[in-house]
Amino acid sequence: MAFGRSSRTGAMHAVSPVEPLTLKILVAGGFGVGKTTLVSAVSEIRPLRTEELLSEPGIGIDDTGGVEGKSTTTVAMDFGRITLREDLVLYLFGTPGQDRFWFLWDELAQGALGAVVLADTRRLADCFAAVDYFERRGIPFTVAVNCFDGAERHPVVTVREALDLDPEVPVLLCDARDRESVKDVLVGVVEHAMSLARARRRSLTAGG
């Protein structure tokens with residue numbers, strides 16, 4: 001139990017601890033784009049992973065071009081948690097990247113405030129499906145370009161045009177291995193989602 005300042009009579013007044021606001025954020029994108037790395041880099045708890053070794057049935061189905069060294073894949077989800085402020089906690093759910101696991105996305109997306117679509121400029125088309133998924137369901141999202149070592153750097157405006165994004169969708173550059181870089185992306189997602197929510201409330205108020 002936390003306690004506040006004493007009154008002039010010397011009595012101590014109990015202060016109820018503030019329950020933090022908890023928000024659910026999805027981390028999506030194509031196969032091998034760095035979703036597990038991102039969740040692991042920022043999670044303050046030991047992240048839950050559901051990785052399995054790439055198997056023979058995936059040969060010819062999972063496109064490993066550009067990520068030839070990848071030997072495992074997420075088959076259900078990654079899970080982590082980060083406290084952005086004392087009163088704000090994010091629960092992170094990393095989605096599987098392969099087409100054959102997309103049936104899990106609808107369940108993972110339930111109750112999500114927003115999403116990060118992680119992109120690799122070497123395989124930019126791999127995140128088209130994630131962008132389309134969140135646009136169709138009206139889930140706010142931010143595109144985060146994972147700057148892989150040795151990958152060509154492209155201006156944000158070029159990435160935006162290539163993905164045909166709406167003007168209000170934020171596009172950020174990040175390093176999925178770096179905690180502070182990932183935190184900046186997550187803050188951007190929350191701010192974007194909150195801004196859209198405020199705009200909708202204003203629109204409803206004006207229309208009512």
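This is a predicted model: local features need pLDDT of at least 70, side-chain atom pairs count only at pLDDT 80 or more; totals for chains, interfaces and linings use all residues.
Student: What makes the contact between aspartate 106 and arginine 137 a salt bridge?

Tutor: The closest N and O atoms of aspartate 106 and arginine 137 are 3.5 Å apart, and a side-chain nitrogen of Arg has to be within 4 Å of a carboxyl oxygen of Asp, so the pair forms a salt bridge. This pair links distant parts of the chain, with aspartate 106 in helix 2 and arginine 137 in helix 3, 31 residues apart.

Student: Why is aspartate 120 called buried, and what is arginine 122 called?

Tutor: Aspartate 120 has a relative accessible area of 3%, and since buried means under 20%, aspartate 120 is buried. Arginine 122, at 38%, is partly exposed, and the side chains of aspartate 120 and arginine 122 meet in a salt bridge with an N to O distance of 2.9 Å.

Student: Why does the salt bridge between glutamate 44 and arginine 81 tie together parts that are apart in sequence?

Tutor: The side chains of these two residues meet at 3.0 Å, N to O. Glutamate 44 lies in the loop between helix 1 and strand 4, whereas arginine 81 lies in strand 6, so the pair ties together parts that are 37 residues apart in sequence.

Student: How many salt bridges does the structure hold?

Tutor: The structure holds eight salt bridges.

Definitions and conventions
Residues are numbered from 1 along each chain as its sequence is written. Side-chain values use heavy atoms; hydrogens and water are left out. Helices (H or I, at least four residues) and strands (E, at least two) are DSSP runs, numbered from the N terminus. Buried means under 20% relative accessible area, exposed over 50%, partly exposed in between (1.4 Å probe, protein chains only).
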